[in-house]
Amino acid sequence: MSEPRMIEVRRNVLKQNDVIARALREQFRAAGVFVVSLVSSPGSGKTTFLEKTLTQLQPRYRVAALVGDLATENDALRLARSKAPVKQITTGTLCHLEAAMVQNALQEWDLNQLDFLFIENVGNLVCPSSYDLGENLRLVLMSVTEGEDKPLKYPTIFNSADVAVITKNELAVAVEFDWETARRSIESVRPGMRIFRLSAKTGEAMGSYLDFLVEQLKEHRAVAHI
Amino acid sequence: MHELSIAMGIVEAATEEAQKRGVQVSAVHLRLGALSGVVKDALLFSYEVACQDTPLAGSRLIVEDVPVAVFCPQCQEQRILTSVQAFICPECGLPTMDVRQGKELEVFALEVQE
(Lines give C-alpha, C1' and ligand atoms only; values in the text may rest on other atoms or scores of the structure.)
Protein backbone atom coordinates (compact mmCIF):
# COMPACT_ATOMS: atom_id res chain seq x y z
CA MET A 1 0.00 0.00 0.00
CA SER A 2 1.24 3.51 -0.78
CA GLU A 3 2.14 6.07 1.89
CA PRO A 4 -0.82 8.07 3.21
CA ARG A 5 -1.10 11.59 1.90
CA MET A 6 -2.48 14.60 3.80
CA ILE A 7 -5.13 16.81 2.25
CA GLU A 8 -6.06 20.06 3.97
CA VAL A 9 -9.84 20.59 3.99
CA ARG A 10 -10.58 23.06 6.84
CA ARG A 11 -14.29 22.45 7.32
CA ASN A 12 -16.30 23.74 10.25
CA VAL A 13 -18.28 20.77 11.58
CA LEU A 14 -21.15 22.97 12.74
CA LYS A 15 -21.28 24.99 9.54
CA GLN A 16 -24.79 23.82 8.68
CA ASN A 17 -26.09 24.95 12.08
CA ASP A 18 -24.20 28.24 11.87
CA VAL A 19 -25.64 29.02 8.42
CA ILE A 20 -29.20 28.49 9.66
CA ALA A 21 -28.48 30.50 12.82
CA ARG A 22 -27.23 33.42 10.73
CA ALA A 23 -30.36 33.28 8.57
CA LEU A 24 -32.52 33.26 11.72
CA ARG A 25 -30.65 36.24 13.17
CA GLU A 26 -31.26 38.17 9.96
CA GLN A 27 -34.94 37.20 10.07
CA PHE A 28 -35.17 38.42 13.69
CA ARG A 29 -33.47 41.69 12.77
CA ALA A 30 -35.82 42.32 9.85
CA ALA A 31 -38.88 41.59 12.01
CA GLY A 32 -37.60 43.73 14.89
CA VAL A 33 -38.06 40.94 17.40
CA PHE A 34 -35.55 40.56 20.23
CA VAL A 35 -34.71 36.93 20.86
CA VAL A 36 -33.48 35.63 24.21
CA SER A 37 -32.36 32.06 24.77
CA LEU A 38 -32.27 30.51 28.23
CA VAL A 39 -29.85 27.86 29.36
CA SER A 40 -29.55 26.25 32.78
CA SER A 41 -29.27 22.94 34.60
CA PRO A 42 -32.39 20.85 35.06
CA GLY A 43 -34.34 22.06 38.08
CA SER A 44 -32.88 25.55 38.31
CA GLY A 45 -36.32 27.09 37.89
CA LYS A 46 -36.14 28.00 34.21
CA THR A 47 -39.81 27.43 33.52
CA THR A 48 -41.03 29.42 36.54
CA PHE A 49 -38.62 32.20 35.64
CA LEU A 50 -39.86 32.25 32.04
CA GLU A 51 -43.51 32.09 33.09
CA LYS A 52 -43.00 35.19 35.28
CA THR A 53 -41.07 36.94 32.53
CA LEU A 54 -43.83 36.34 29.98
CA THR A 55 -46.60 37.30 32.39
CA GLN A 56 -44.94 40.55 33.44
CA LEU A 57 -43.95 41.68 29.95
CA GLN A 58 -47.25 40.82 28.39
CA PRO A 59 -49.32 43.85 29.33
CA ARG A 60 -46.88 46.09 27.42
CA TYR A 61 -45.20 43.82 24.87
CA ARG A 62 -46.04 41.06 22.44
CA VAL A 63 -44.21 37.99 23.70
CA ALA A 64 -43.93 34.34 22.71
CA ALA A 65 -41.84 31.33 23.68
CA LEU A 66 -40.37 28.16 22.26
CA VAL A 67 -39.63 25.46 24.80
CA GLY A 68 -37.22 22.60 24.28
CA ASP A 69 -37.86 19.52 26.34
CA LEU A 70 -36.77 15.92 26.10
CA ALA A 71 -40.07 14.13 26.31
CA THR A 72 -43.01 15.84 27.99
CA GLU A 73 -45.11 18.84 27.18
CA ASN A 74 -45.43 19.83 30.84
CA ASP A 75 -43.32 22.97 30.48
CA ALA A 76 -45.38 24.24 27.55
CA LEU A 77 -48.58 23.61 29.50
CA ARG A 78 -47.22 25.55 32.48
CA LEU A 79 -46.11 28.42 30.27
CA ALA A 80 -49.45 28.52 28.48
CA ARG A 81 -50.88 29.88 31.74
CA SER A 82 -49.18 33.15 30.88
CA LYS A 83 -51.54 33.34 27.85
CA ALA A 84 -48.59 34.02 25.58
CA PRO A 85 -48.18 31.87 22.45
CA VAL A 86 -46.01 28.92 23.44
CA LYS A 87 -44.74 26.09 21.31
CA GLN A 88 -43.03 22.94 22.49
CA ILE A 89 -40.02 21.50 20.69
CA THR A 90 -39.74 17.89 21.84
CA THR A 91 -36.18 16.82 21.18
CA GLY A 92 -36.63 13.13 21.99
CA THR A 93 -33.26 11.97 23.22
CA LEU A 94 -31.37 15.01 22.01
CA CYS A 95 -29.82 17.03 24.81
CA HIS A 96 -29.88 20.46 23.16
CA LEU A 97 -31.70 22.58 20.60
CA GLU A 98 -30.25 23.22 17.15
CA ALA A 99 -30.93 26.14 14.84
CA ALA A 100 -32.92 23.98 12.40
CA MET A 101 -35.39 23.02 15.16
CA VAL A 102 -35.97 26.68 15.94
CA GLN A 103 -36.46 27.42 12.26
CA ASN A 104 -39.03 24.62 11.89
CA ALA A 105 -40.90 25.63 15.02
CA LEU A 106 -41.20 29.22 13.83
CA GLN A 107 -42.67 28.39 10.44
CA GLU A 108 -46.27 29.17 11.33
CA TRP A 109 -45.50 32.27 13.35
CA ASP A 110 -45.46 35.81 12.02
CA LEU A 111 -42.39 37.31 13.70
CA ASN A 112 -43.50 40.81 12.73
CA GLN A 113 -46.23 40.44 15.33
CA LEU A 114 -43.72 39.98 18.17
CA ASP A 115 -41.52 42.16 20.37
CA PHE A 116 -39.83 39.40 22.36
CA LEU A 117 -39.27 35.75 21.60
CA PHE A 118 -37.86 33.49 24.31
CA ILE A 119 -36.24 30.16 23.55
CA GLU A 120 -35.94 27.82 26.51
CA ASN A 121 -33.21 25.29 25.81
CA VAL A 122 -33.18 21.76 27.21
CA GLY A 123 -32.00 21.75 30.86
CA ASN A 124 -28.29 21.09 30.33
CA LEU A 125 -25.19 23.17 30.95
CA VAL A 126 -22.92 21.33 28.54
CA CYS A 127 -24.33 20.59 25.11
CA PRO A 128 -26.26 23.80 24.29
CA SER A 129 -23.03 25.80 24.40
CA SER A 130 -21.92 24.53 20.98
CA TYR A 131 -25.03 25.58 19.09
CA ASP A 132 -25.83 29.08 17.93
CA LEU A 133 -29.62 29.47 17.68
CA GLY A 134 -29.55 32.92 16.11
CA GLU A 135 -30.53 34.47 19.44
CA ASN A 136 -29.66 38.09 20.27
CA LEU A 137 -29.00 37.38 23.93
CA ARG A 138 -28.04 34.17 25.69
CA LEU A 139 -29.07 34.14 29.32
CA VAL A 140 -27.64 31.58 31.71
CA LEU A 141 -29.72 30.88 34.76
CA MET A 142 -28.54 29.37 38.02
CA SER A 143 -30.31 29.11 41.33
CA VAL A 144 -28.86 29.79 44.79
CA THR A 145 -29.39 26.11 45.66
CA GLU A 146 -26.89 24.95 43.03
CA GLY A 147 -23.68 26.14 44.67
CA GLU A 148 -21.53 29.18 44.09
CA ASP A 149 -18.93 27.34 42.00
CA LYS A 150 -21.29 26.28 39.21
CA PRO A 151 -19.72 28.75 36.75
CA LEU A 152 -16.28 27.22 37.39
CA LYS A 153 -17.66 23.75 36.74
CA TYR A 154 -19.28 24.81 33.47
CA PRO A 155 -17.04 27.59 32.18
CA THR A 156 -17.90 27.03 28.50
CA ILE A 157 -21.61 27.73 28.83
CA PHE A 158 -21.08 30.72 31.14
CA ASN A 159 -18.46 32.06 28.77
CA SER A 160 -20.80 31.69 25.79
CA ALA A 161 -23.64 33.54 27.55
CA ASP A 162 -24.26 37.29 27.63
CA VAL A 163 -25.97 37.71 30.99
CA ALA A 164 -26.34 35.62 34.12
CA VAL A 165 -29.41 35.41 36.33
CA ILE A 166 -29.20 33.98 39.84
CA THR A 167 -32.66 33.01 40.94
CA LYS A 168 -34.51 31.50 43.91
CA ASN A 169 -33.04 34.29 46.02
CA GLU A 170 -35.83 33.70 48.55
CA LEU A 171 -33.88 30.57 49.55
CA ALA A 172 -30.48 32.27 49.78
CA VAL A 173 -30.38 32.52 53.56
CA ALA A 174 -31.63 28.97 54.11
CA VAL A 175 -28.91 27.49 51.89
CA GLU A 176 -26.24 29.96 53.11
CA PHE A 177 -25.62 31.18 49.60
CA ASP A 178 -22.42 33.22 49.39
CA TRP A 179 -23.11 35.96 46.85
CA GLU A 180 -19.55 37.28 46.72
CA THR A 181 -18.10 33.84 45.89
CA ALA A 182 -20.72 33.30 43.19
CA ARG A 183 -20.06 36.73 41.71
CA ARG A 184 -16.31 36.03 41.65
CA SER A 185 -16.86 32.65 39.94
CA ILE A 186 -18.86 34.28 37.17
CA GLU A 187 -16.40 37.13 36.82
CA SER A 188 -13.57 34.62 36.50
CA VAL A 189 -15.03 32.74 33.52
CA ARG A 190 -16.77 35.72 31.93
CA PRO A 191 -15.21 39.05 32.97
CA GLY A 192 -17.65 41.96 32.92
CA MET A 193 -20.77 39.82 32.64
CA ARG A 194 -24.00 41.49 33.75
CA ILE A 195 -25.54 39.58 36.66
CA PHE A 196 -29.10 39.79 38.00
CA ARG A 197 -29.94 38.33 41.37
CA LEU A 198 -33.67 37.85 41.85
CA SER A 199 -36.55 35.71 42.92
CA ALA A 200 -39.01 34.69 40.22
CA LYS A 201 -41.28 33.32 42.91
CA THR A 202 -41.63 36.44 45.08
CA GLY A 203 -40.94 38.90 42.26
CA GLU A 204 -37.98 40.42 44.12
CA ALA A 205 -35.70 42.38 41.73
CA MET A 206 -37.55 41.14 38.63
CA GLY A 207 -38.03 44.79 37.70
CA SER A 208 -34.42 45.67 36.94
CA TYR A 209 -34.03 42.53 34.85
CA LEU A 210 -37.19 43.31 32.84
CA ASP A 211 -36.06 46.93 32.37
CA PHE A 212 -32.79 45.57 31.03
CA LEU A 213 -34.66 43.45 28.45
CA VAL A 214 -36.71 46.45 27.34
CA GLU A 215 -33.52 48.50 26.90
CA GLN A 216 -32.05 45.68 24.84
CA LEU A 217 -35.13 45.63 22.62
CA LYS A 218 -34.84 49.37 22.02
CA GLU A 219 -31.14 49.11 21.14
CA HIS A 220 -31.82 46.14 18.88
CA ARG A 221 -34.41 48.11 16.95
CA ALA A 222 -32.28 51.25 16.79
CA VAL A 223 -29.46 49.25 15.20
CA ALA A 224 -31.86 47.44 12.88
CA HIS A 225 -33.45 50.75 11.78
CA ILE A 226 -37.00 49.70 12.47
CA MET B 1 -23.89 14.14 25.61
CA HIS B 2 -24.02 15.56 22.11
CA GLU B 3 -20.72 14.11 20.93
CA LEU B 4 -22.45 11.44 18.83
CA SER B 5 -24.22 14.02 16.70
CA ILE B 6 -20.96 15.99 16.42
CA ALA B 7 -19.16 12.78 15.38
CA MET B 8 -21.81 12.14 12.74
CA GLY B 9 -21.25 15.67 11.46
CA ILE B 10 -17.50 14.97 11.23
CA VAL B 11 -18.10 11.73 9.32
CA GLU B 12 -20.52 13.48 6.97
CA ALA B 13 -18.12 16.36 6.27
CA ALA B 14 -15.13 14.06 5.76
CA THR B 15 -17.10 11.68 3.52
CA GLU B 16 -18.21 14.56 1.34
CA GLU B 17 -14.69 15.95 0.99
CA ALA B 18 -13.31 12.47 0.21
CA GLN B 19 -15.93 11.76 -2.43
CA LYS B 20 -15.26 15.08 -4.12
CA ARG B 21 -11.63 14.04 -4.52
CA GLY B 22 -12.22 10.33 -5.14
CA VAL B 23 -9.99 9.22 -2.26
CA GLN B 24 -10.16 6.71 0.60
CA VAL B 25 -9.78 8.25 4.07
CA SER B 26 -7.57 6.52 6.62
CA ALA B 27 -7.62 9.28 9.24
CA VAL B 28 -9.43 12.52 9.97
CA HIS B 29 -7.57 15.37 11.67
CA LEU B 30 -9.75 17.55 13.84
CA ARG B 31 -8.95 20.83 15.57
CA LEU B 32 -10.88 20.95 18.83
CA GLY B 33 -11.05 24.18 20.83
CA ALA B 34 -11.14 24.13 24.63
CA LEU B 35 -14.30 26.27 24.40
CA SER B 36 -16.02 24.15 21.75
CA GLY B 37 -18.21 22.46 24.35
CA VAL B 38 -17.15 19.02 23.10
CA VAL B 39 -15.52 16.37 25.29
CA LYS B 40 -12.62 14.69 23.51
CA ASP B 41 -12.93 11.19 25.00
CA ALA B 42 -16.66 11.03 24.34
CA LEU B 43 -16.03 12.23 20.80
CA LEU B 44 -13.37 9.57 20.12
CA PHE B 45 -15.73 6.88 21.36
CA SER B 46 -18.63 8.28 19.34
CA TYR B 47 -16.52 8.49 16.21
CA GLU B 48 -16.16 4.73 15.96
CA VAL B 49 -19.91 4.32 16.24
CA ALA B 50 -20.59 7.10 13.74
CA CYS B 51 -18.23 5.53 11.18
CA GLN B 52 -19.97 2.19 11.11
CA ASP B 53 -21.44 1.32 7.70
CA THR B 54 -19.98 4.43 6.11
CA PRO B 55 -17.02 4.78 3.69
CA LEU B 56 -15.02 5.97 6.72
CA ALA B 57 -15.41 2.72 8.67
CA GLY B 58 -12.06 1.75 10.19
CA SER B 59 -10.59 5.24 9.89
CA ARG B 60 -9.01 7.03 12.85
CA LEU B 61 -9.90 10.37 14.38
CA ILE B 62 -6.84 12.40 15.37
CA VAL B 63 -7.67 15.32 17.63
CA GLU B 64 -5.49 18.37 17.98
CA ASP B 65 -6.42 20.29 21.15
CA VAL B 66 -6.59 24.03 20.61
CA PRO B 67 -6.13 26.07 23.79
CA VAL B 68 -7.97 29.33 24.41
CA ALA B 69 -6.08 32.41 23.32
CA VAL B 70 -7.15 35.88 24.37
CA PHE B 71 -5.91 39.30 23.41
CA CYS B 72 -4.66 41.31 26.36
CA PRO B 73 -5.35 45.01 25.85
CA GLN B 74 -2.71 45.93 28.42
CA CYS B 75 0.15 43.82 27.02
CA GLN B 76 -1.12 44.33 23.45
CA GLU B 77 -0.37 40.65 22.90
CA GLN B 78 -2.23 37.45 22.25
CA ARG B 79 -1.88 35.11 25.24
CA ILE B 80 -2.73 31.47 25.86
CA LEU B 81 -4.99 31.01 28.91
CA THR B 82 -3.64 28.68 31.54
CA SER B 83 -7.18 27.66 32.56
CA VAL B 84 -10.63 28.08 31.05
CA GLN B 85 -11.78 28.89 34.57
CA ALA B 86 -9.86 32.15 34.63
CA PHE B 87 -10.16 34.61 31.79
CA ILE B 88 -7.20 36.72 32.82
CA CYS B 89 -3.97 37.54 31.06
CA PRO B 90 -1.39 35.01 32.36
CA GLU B 91 1.30 37.73 32.25
CA CYS B 92 -0.29 40.83 33.77
CA GLY B 93 -3.48 39.45 35.36
CA LEU B 94 -5.91 41.75 33.56
CA PRO B 95 -9.35 40.19 32.97
CA THR B 96 -10.13 39.93 29.27
CA MET B 97 -12.96 38.51 27.18
CA ASP B 98 -11.36 39.13 23.80
CA VAL B 99 -11.22 35.48 22.71
CA ARG B 100 -9.11 34.96 19.61
CA GLN B 101 -8.91 31.17 19.54
CA GLY B 102 -10.42 28.15 21.28
CA LYS B 103 -13.88 27.65 19.79
CA GLU B 104 -12.65 25.53 16.88
CA LEU B 105 -14.51 22.43 15.80
CA GLU B 106 -12.93 21.96 12.45
CA VAL B 107 -12.09 19.05 10.17
CA PHE B 108 -8.64 20.29 9.35
CA ALA B 109 -7.16 17.60 7.12
CA LEU B 110 -7.69 14.09 5.80
CA GLU B 111 -5.12 11.35 5.57
CA VAL B 112 -5.92 9.47 2.39
CA GLN B 113 -4.85 6.44 0.42
CA GLU B 114 -4.69 6.96 -3.34
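Visitor: What makes Glu135(A) buried or exposed?

Guide: Glu135(A) has a relative accessible area of 7%. Buried means under 20% relative accessible area, exposed over 50%, and partly exposed in between, with a 1.4 Å probe and protein chains only; Glu135(A) is therefore called buried. This is a predicted model, in which local features need pLDDT of at least 70, side-chain atom pairs count only at pLDDT 80 or more, and totals for chains, interfaces and linings use all residues. Side-chain values use heavy atoms, without hydrogens and water, residues are numbered from 1 along each chain as its sequence is written, and chains are lettered from A and ligands numbered from 1 in the order in which they are written.

Visitor: Where is Glu135(A) found, and which residues does Glu135(A) touch?

Guide: Glu135(A) lies in the loop between β5 (116-120) and β6 (137-143) of chain A; strands (E, at least two residues) and helices (H or I, at least four) are DSSP runs, numbered from the N terminus. Leaving aside residues up to four places away in sequence, Glu135(A) touches Arg25(A), Val35(A) and Ser37(A), where contact means heavy atoms within 4.5 Å.

Visitor: Why is α1(B) called oblique to α2(B)?

Guide: Helix α1 (residues 3-21) and helix α2 (residues 40-51) of chain B pack at an angle of about 55°, with axes 8 Å apart. Angles under 35 degrees count as roughly parallel, over 145 as roughly antiparallel, 65 to 115 as roughly perpendicular, and the rest as oblique; α1(B) is therefore oblique to α2(B). Among the residues in contact are Leu4(B) and Ile6(B) in α1(B), and Leu43(B) and Tyr47(B) in α2(B).

Visitor: How do you know whether Asp53(B) and Gln76(B) are buried or exposed?

Guide: Asp53(B) has a relative accessible area of 80% and is therefore exposed. Gln76(B), at 53%, is exposed too. Asp53(B) has a positive phi, near 60°, and Gln76(B) has a positive phi near 55°. Most residues other than glycine have a negative phi.

Terms used
Axes fitted to C-alpha atoms, helices over the stretch in contact; angles between N-to-C directions.
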